[in-house]
Amino acid sequence: RSIMPSSVRNSSVPSPTGSNLERKRRRIFGFRVAFDHAGRDDGRSMGGCYLVGVTTSSFVAFGERSGLQQSRQFWGIEDGGRKYEGSTHHSSPSSSRRSSRHASSGNSNRSNSTSSTSHGMTLSRSEAPRNADNVLFGSRELITVVVDMDARTLTYWRDGRFLGTLVTNLPRSGHLYPVAVPFNAGVSVGITGMDGEPLSALSEFHNAQKRARKEKDDLRRQTLSTQRSNLIQNKRITPQLYSVLQNIFSWYATEETPPGTEVTLDAISVSRLWYRCGMKLSHLRGVLDASCAERGGAEPLVKASEFIEIVARVVAEEEEEAEAKKDKDCAFPDCISGGLVGSMGVRSLGSGGMGTDVPSSFEVGDKVEVSEGYERYGDAASGPLRPGYRGTVMEVQRGPRGDRQSVRVMHNGRRWWYQPQALLSERSGLLESRAVRFLRTILRSHGYDHTTLEPLWGKTVTSESWQLGDLVAPVRLSAKYARAA
């Protein structure tokens, strides 16, 4: 996201002497910028395509990828070591990205030469000294820019070190706007005047963001806790749920059950129930084998109490496993209770708001879902997970410096690498537990709302009530379709 303060008018100022010969005041202004990349330490490279400079009011394509580099309305520098001076030549987004990375790798033999696919030019180290990570500026480094409208130049400093007058050929007239453009999703940028402190502004922003996220996460946990209490208490299913399961079981009976007799199902009917509930066939085989042995080899019959007992056993097992994981996570409770690792990545926001390393909340075998806005993180939108789908973590990979992390997830036989910001871990407390999800599948597939245990049939579908797989019908059918039905 680009942030642009108010414009600075490129115009002359009359001398207060009242003389007919007006003297032009030196037209100079400055601003300061800092980027905060949650996955990078101070001064580390952010990967290229981070821009700091000025633009005109004619440029409006901030929503287009690499649109500013390709335009004729940008004058400034890129963290990878390129400068842009409003050239009429255009480049493709991919070539611009490659060029910036090429520049940051230390290849200086292309300095001051215009690429055939990019109007940006690579600055040599003698023209613009790099930092310790071989970039013009890295994460949380303070960039100061002085714009000289008369000399038509941009001069840069990094953390107080003079980099040089790196950009020339500013437009002779019109309005110019300071502009700072990050490349990756989740990166924050602060931009102030010369008397401001971008890092302090970022700190305030992060603290406010942290508070808002904590409030949102706490509300989500409270909602999940309320829904869970309708289904499970003390690791056991509630009496209300027990009654609903009995009712569901009775729907599959092919014969009327005499009063005072427990409902039973034959092998075919109970198999239909098992399939609809999404339960393991191994449990069904165990019940059928036990019934067959009890009846001396006759056709097995399954009682309602046996079905509910298996449901309760699965719930208890899932609850025990979840509690074991919770005890394991107590080694770093702040990371999990705050929900920052699962939803924000591998850094949490400390009191300064600038981020500190924390242990990863993703482990092999974890169940994960995509987070809100997951499409912004890399190529997550092309992966197998969609909102509500749950995948399994197959591998967790960190970068060579330990400042990057990728999570490999499998869903429906497909494997995909995700950035941690695109995922929510089951252990963050922001997802339904496996036990609740198991019960929700049973209830929803039989027309019950798992949050209230009330039936859904006959009720009007709302924007919040429907889910994928629901069977719905129009409220009113025309006479033509009614007769056909």
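**Exercises on a sheet and a cavity**

In strand β8, L154 is the bridge partner of V147. The model is a predicted one, in which local features need pLDDT of at least 70 and side-chain atom pairs count only at pLDDT 80 or more, while totals for chains, interfaces and linings use all residues. Residues are numbered from 1 along each chain as its sequence is written, and side-chain values use heavy atoms, without hydrogens and water.

**Exercise 1.** Work out the strand order of the open sheet of five strands, and state which strands stand at the edges.

*Solution.* Begin with β7 (residues 143-148) and β8 (residues 153-158), which run antiparallel and are joined by six bridges; strands are DSSP runs of E with at least two residues, and helices are runs of H or I with at least four, while two strands pair if DSSP finds at least two bridges between them. Next, read the complete order, which is β9-β8-β7-β2-β11 with antiparallel pairing. Finally, β9 (161-167) and β11 (188-193) each have a single partner strand, so one side of each is left without a neighbour in the sheet.

**Exercise 2.** Describe the lining of the largest cavity.

*Solution.* A cavity is a set of points on a 1 Å grid over the protein atoms alone where a 1.4 Å probe fits but cannot get out, and lining residues have an atom within 4 Å of a point. The lining consists of E318, E321, A322, K325, E426 and R434. Helix α7 (residues 304-329) gives the most to this lining, with four residues.

Key
On a 1 Å grid over the protein atoms alone, a cavity is a set of points where a 1.4 Å probe fits but cannot get out, and a pocket is an open set with protein on both sides within 12 Å along at least five of seven lines; lining residues have an atom within 4 Å of a point.
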